[in-house]
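Colleague: I would like to go through this model feature by feature. Please give the rule for each feature, then the case at hand.

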Amino acid sequence: MAANKQLAATVRSGTGKGAARSIRRDNRVPGVIYGGGEAPQPISLDYKTLNTLIYAGHFLTTIFEIDLGDGKSERVIPRDYQLDVVRDTPLHVDFLRLKPGSSLRVDVPVHLKGADIAPGVKLGGSINLVVQTIELRVPADNIPESIDVDVSGMNIGDSLVISEVKLPEGCKPIIARDFTVATLVPPLKSDEPVAAAAAPAGKGAPAKAPAKPAAKK
């Protein structure tokens with residue numbers, strides 16, 4: 001896991017829709033830090049900085065050290081954010097305080113390794129990734145950015161379940177059952193009929209069907 005990222009914020013006192021609109025007019029985004037046995041702390045963040053972080057990827061699995069000024073900081077992880085339905089720009093963000101020794105639930109993306117050398121793929125099969133993310137209980141100081149799933153030994157018809165996936169130390173799946181992560185399916189069979197030999201020109205040859213008019217949009 002990468003080192004904690006630094007993020008500057010300003011403590012705010014006003015809450016509610018009116019205060020949030022005022023903050024956005026100043027090109028900032030309202031947010032809140034909660035959890036850890038302490039009272040929620042309303043904050044605001046620079047719009048451009050937050051927008052860049054969200055669209056850079058891995059935002060919800062990145063730990064931040066938020067500088068609140070006056071020598072105070074909070075170690076947090078983003079838990080949710082709200083985007084404008086039209087412009088897809090950030091409107092609000094929630095952060096969870098991280099205390100030493102704490103753990104949390106996160107959805108971690110799955111990355112396949114060795115798909116190009118899997119025996120079943122070489123025979124024309126393909127890898128079917130059943131789950132795109134895996135929900136894990138992870139230590140707050142060891143949040144993985146992704147889970148690497150090795151499928152290099154799979155043959156056609158094989159399935160890979162979560163118990164066969166090596167997870168980072170201290171990470172456990174939230175779902176108790178041994179669910180399927182990936183399968184290797186056989187090649188698709190073509191349903192197209194073999195084209196008939198062309199009939200000889202002249203008497204008895206079928207007339208060519210007229211082209212269908214294009215559908216009106």
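Colleague: Are Phe64 and Phe95 buried or exposed?

Modeller: Buried means under 20% relative accessible area, exposed over 50%, and partly exposed in between, with a 1.4 Å probe and protein chains only. Both Phe64 and Phe95 are buried. Bear in mind that this is a predicted model, in which local features need pLDDT of at least 70, side-chain atom pairs count only at pLDDT 80 or more, and totals for chains, interfaces and linings use all residues. Residues are numbered from 1 along each chain as its sequence is written, and side-chain values use heavy atoms, with hydrogens and water left out.

Colleague: How many aromatic pairs are there?

Modeller: Rings of Phe, Tyr and Trp (its six-membered ring) pair if their centres lie within 6.5 Å; planes under 30 degrees apart count as stacked, over 60 as edge-to-face and the rest as tilted. The count comes to 3 aromatic pairs. In one of them, Phe59 and Tyr81 have ring centres 5.7 Å apart and planes at 70 degrees, so the pair is edge-to-face. Phe59 sits in the loop between α2 (47-55) and β5 (64-69) and Tyr81 in strand β6, so the pair ties together parts that are 22 residues apart in sequence. Phe59 has 4% relative accessibility and counts as buried, while Tyr81, at 29%, counts as partly exposed.

Colleague: And what is the arrangement of the rings of Phe64 and Phe95?

Modeller: Their centres are 6.5 Å apart and their planes stand at 80 degrees, so this pair is edge-to-face. It links distant parts of the chain, with Phe64 in strand β5 and Phe95 in strand β7, 31 residues apart. Phe59, Phe64, Tyr81 and Phe95 form one aromatic cluster.

Colleague: In what order do the strands of the 7-strand sheet run?

Modeller: Strands of a sheet pair through backbone hydrogen bonds, either parallel or antiparallel. Helices (H or I, at least four residues) and strands (E, at least two) are DSSP runs, numbered from the N terminus, and two strands pair if DSSP finds at least two bridges between them. Here 7 strands form an open sheet with mixed pairing, in the order β1-β5-β6-β7-β3-β4-β2. β1 (5-8) and β2 (10-11) are at the edges with a single partner strand each, so one side of each has no neighbour in the sheet. Inside this sheet, β6 (residues 72-83) and β7 (residues 90-97) pair in the antiparallel sense over 7 bridges; Val76 has Arg97 in β7 as its bridge partner.

Colleague: Which strands does helix α1 lie across?

Modeller: Axes are lines fitted to C-alpha atoms, for helices over the stretch in contact (heavy atoms within 4.5 Å). Angles run from 0 to 180 degrees between N-to-C directions. Helix α1 (residues 17-25) lies across β3 (28-35), β4 (38-46) and β7, at about 130 degrees to β3.

Colleague: What is the order of the 4-strand sheet?

Modeller: The order is β11-β8-β10-β13, again open and with mixed pairing. Its edge strands, β11 (147-150) and β13 (172-173), each pair on one side only. β8 (residues 103-113) and β11 are parallel over 4 bridges, and Lys113 stands opposite Asp150 in β11.

Colleague: Which residues have the most contacts inside the largest nonpolar core?

Modeller: A nonpolar core is a set of buried Ala, Val, Leu, Ile, Met, Phe, Trp, Tyr and Cys residues joined through side-chain atoms within 4.5 Å. The largest has 30 residues, and Leu104, Leu136, Val149, Val165 and Val181 have the most contacts inside it. Elements giving two or more residues are β8, β9, β10 (133-139), β11 and β14; β8 gives the most, with 4 residues. Apart from this core lies another, of 16 residues, including Leu7, Val29, Phe59 and Val76.

Colleague: Where is the pLDDT below 50?

Modeller: pLDDT is the predictor's confidence in each residue, from 0 to 100. The protein averages 86, and 85% of the residues score at least 70. Over residues 194-217 the pLDDT is below 50, and beyond near neighbours in sequence this stretch has 2 contacts in the model. Where pLDDT is low, the predicted coordinates should not be read in detail.
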